[in-house]
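Please examine the structure shown below.

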Amino acid sequence: MLQVTLSEEGQLHSHFPQIESFSHPLASSVVHMHDGDWERILKEVQSDIPGLVDDFIADFSSLGSYGNSPVSEKELRRTAFEVLTMLMEAIAGTLDDTTFRQHADALGRRRAQQGVPISTLIDAVQLDFLVIWNRIRQAAGGNQEVLISHVDQLHNAVAKYNFFVRDGFRRENARIAQDLRLANARHLDKLFSSASIDTITIKEIAQAIGCDAHSNFKVVVFHANSALKARDALELATAEGKIFGYPHNGLFTAFWPISAENQPNIPALPSAVFSKVEGLANVRDAVLASPKLFEASRTPTQPTPAHELSWAIAGSALASFPGSKQNELSADITKLRNSNSPALETVEAYLRTGSIKQTAAISYCHRNTVINRLSQFADATGYDVTRPYDAAAVILALNYKPVTTF
């Protein structure tokens, strides 16, 4: 039995147990001696291409064929006839390379359009090799010398066809992915650029991009200083439809259904993260609000929950109110941040826990250290975060970007 394996690079590696034990010292010099026998064998095999097709269909069907892909048996038979005929002509040296390549390229593209997995397609090409070899071996009878002398011709023909099929398949997949991005971009532009949008349109857009309008989504809006890097990093995921990507206002948004089986790997770049947004309509609202979020807040240095950054919007509104000291407080906090003061980190931890004990635990320090740092913060800013009103003002100021006056 002929055994064939296929490397990742598309090279065929075959083993012929019946003839491996035959080692003729003049094997390389007897090629021409057996040319007549080889031509006779090829003509005999070529005379029964329909029989080769029957062998191929029988074997391929037992392997599961192309599964659920839309390739009918009629098309499979027609393609098998064409491929087997071309391979036999290539082996015989009667087919020009251009025709050979064009046919393989067209097959690879067609199977990509039909959604056939590349591994199954290559299995089919490998099976062509097996079917042809078995017929050649039968026609050769006991003449193993002629098989050894000409086996490279069969190897080369199938390996070349396999390479061209793979190349066509991959290039068509790339084109389809680009078309998918372009198609999604048109619908996403309608979702985010329309002045207003109704429920029916939201459902139409969801259907067009292949998601449920009522799904829960995760939304990550990348800051302007990381938008290009994020878009490049997520190019493949966007092309494959794993995420929806949309550039806007110098920012870049990525969002996807939380229920997706394979969650994407998102780069840890400065961004606002909406962990759970209910429905596509609310995704639109979150994305459209994000420029104001970044405008009001300090530039994030890492992925930051959007609800933390949103305090900056309230801080911005309060800062513009006559008599407000929000700008001064934000400026004092900026000084502490620039000096890498541990007091600021402790204050942020305390505002999340409301507990001296818990703050000490998550900060890996003694409770007295926490008390001292909170006191240092109060001395530097005039605000004691253990008092609710002062704590509220500090929460608003932590992410708010103070207005510089001259």
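In this predicted model, 73% of the contacts in the protein with a separation of 6 or more are accounted for by residues 24 or more positions apart. The secondary structure comprises 18 helices and seven strands. Of the 406 residues in the protein, 44% are buried.

Attention now turns to the aromatic rings. A pair of aromatic rings is described by the distance of the centres and the angle of the planes. With ring centres required to lie within 6.5 Å, the count comes to nine aromatic pairs. One of them joins Phe163 and Phe164, with 5.8 Å centre to centre and 70° between the planes; because an angle over 60 degrees counts as edge-to-face, the pair is assigned to that class. Phe163 is partly exposed, at 46% relative accessibility, whereas Phe164 is buried, with a relative accessible area of 12%.

A further edge-to-face pair is formed by Phe192 and Phe255, at 6.1 Å centre to centre and 85° between the planes. Phe192 lies in helix α7 (residues 144-193) and Phe255 in strand β5 (residues 251-257), so this pair ties together parts that are 63 residues apart in sequence.

Conventions: Residues are numbered from 1 along each chain as its sequence is written. This is a predicted model: local features need pLDDT of at least 70, side-chain atom pairs count only at pLDDT 80 or more; totals for chains, interfaces and linings use all residues. Side-chain values use heavy atoms; hydrogens and water are left out. Rings of Phe, Tyr and Trp (its six-membered ring) pair if their centres lie within 6.5 Å; planes under 30 degrees apart count as stacked, over 60 as edge-to-face and the rest as tilted. Buried means under 20% relative accessible area, exposed over 50%, partly exposed in between (1.4 Å probe, protein chains only). Helices (H or I, at least four residues) and strands (E, at least two) are DSSP runs, numbered from the N terminus. Contact means heavy atoms within 4.5 Å.
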